[in-house]
Amino acid sequence: RLRIKTSASKEYLSDFIPVKTTPLIDSVNWIREKDGVGIYINAHDDKNDTRYYQWDYEESWELQSIGYSEFVFQNKKMARRDLQEIPKLYTCWKNQRSVNIIIGSTARLSNDIIYLNPITFIPNRSEKLGVRYSILVRQYAISRDAYEYLSLMKKNSEQTGSLFDSQPSELKGNIHSVTNPDEMVIGYVGIAPLVEKRIFISSVQLPGWDFNLVCEFVKVPNNPDSLEVFSGIGRSLASSYNRADNSYNGSTAACLDCRLRGGNNNKPSFW
């Protein structure tokens, strides 16, 4: 069991619980569907001992700008951007952890087999699959009591909001206050090793995905007033210079700087 002591001198104990053994993940699959891409998991336990499962995941995906921003507006004129900075505006990565409760059970089946259990869904034209995408799925074996607790939590958090939805139920976990037995404590402790599996999906595997930033290039005359309006008030960036008519090509900042779309330059170690 778990003992918790807080800085406020409160003490909590979980009930004694058995240690579960988590079976390996057989596969994580993706399926192209009408409205997007579904991610599914397959697993099994030859001993038929698991029966109750929980999953979470972490997504990572690459972002690219529509072009390279080679110039920056400084001191009322355009200047060449540092060569080391240009790639940082063009390629970024984003990460996102799962927030929903994902559980599954084979208790009503003769064999302990999880087949194509839904993990997440990526809608059509999402930026997640605009270049390259990866998902790391984690699997845990849980007890029947933990499954029922999580089922109730899932019901309370995801299925309330209208007149016809089930009403929230009181959550009774397996953690209790030692210092104040009457205190209501929310939470459930389980013990099991986690197993995980990662897959990648590239945009070339999804013909017709059609992710579109909705960006347009414009020409800006090379004079201080036009450049200041374009770069300052308009929050746009220049990509290239046109010697023929002494102008610059550019677009909105979010189209030429992937960091403004929530990306970062920390390339994942597994990429």
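Student: What makes Glu 58 and Arg 138 a salt bridge in this predicted model?

Tutor: The closest N and O atoms of Glu 58 and Arg 138 are 3.4 Å apart. The rule asks for a side-chain nitrogen of Lys or Arg within 4 Å of a carboxyl oxygen of Asp or Glu, so the pair qualifies. Glu 58 sits in strand β5 (residues 52-64) and Arg 138 in strand β11 (residues 132-141), so this contact ties together parts that are 80 residues apart in sequence. Both Glu 58 and Arg 138 are buried.

Student: Which network of salt bridges includes Glu 58 and Arg 138?

Tutor: Asp 56, Arg 97 and Glu 196 are linked with Glu 58 and Arg 138 in that network.

Student: Why is Lys 76 called partly exposed?

Tutor: Its relative accessible area is 49%. Buried means under 20% and exposed means over 50%, so a value in between is called partly exposed. Glu 228, at 36%, is also partly exposed.

Student: How do you know whether Arg 81 is buried or exposed?

Tutor: Arg 81 has 8% relative accessibility, and the cut-off for buried is under 20%, so Arg 81 is buried. Arg 81 forms a salt bridge with Glu 85, with the closest N and O atoms 3.4 Å apart. Glu 85 is partly exposed at 27%.

How values were computed
Residues numbered from 1 in each chain as written. Predicted model: local features only at pLDDT ≥ 70, side-chain atom pairs only at ≥ 80, totals over all residues. Heavy atoms only, no water. Helix = DSSP H or I, 4+ residues; strand = E, 2+ residues; numbered from the N terminus. Buried < 20%, exposed > 50% of the residue type's maximum accessible area, 1.4 Å probe, protein only.
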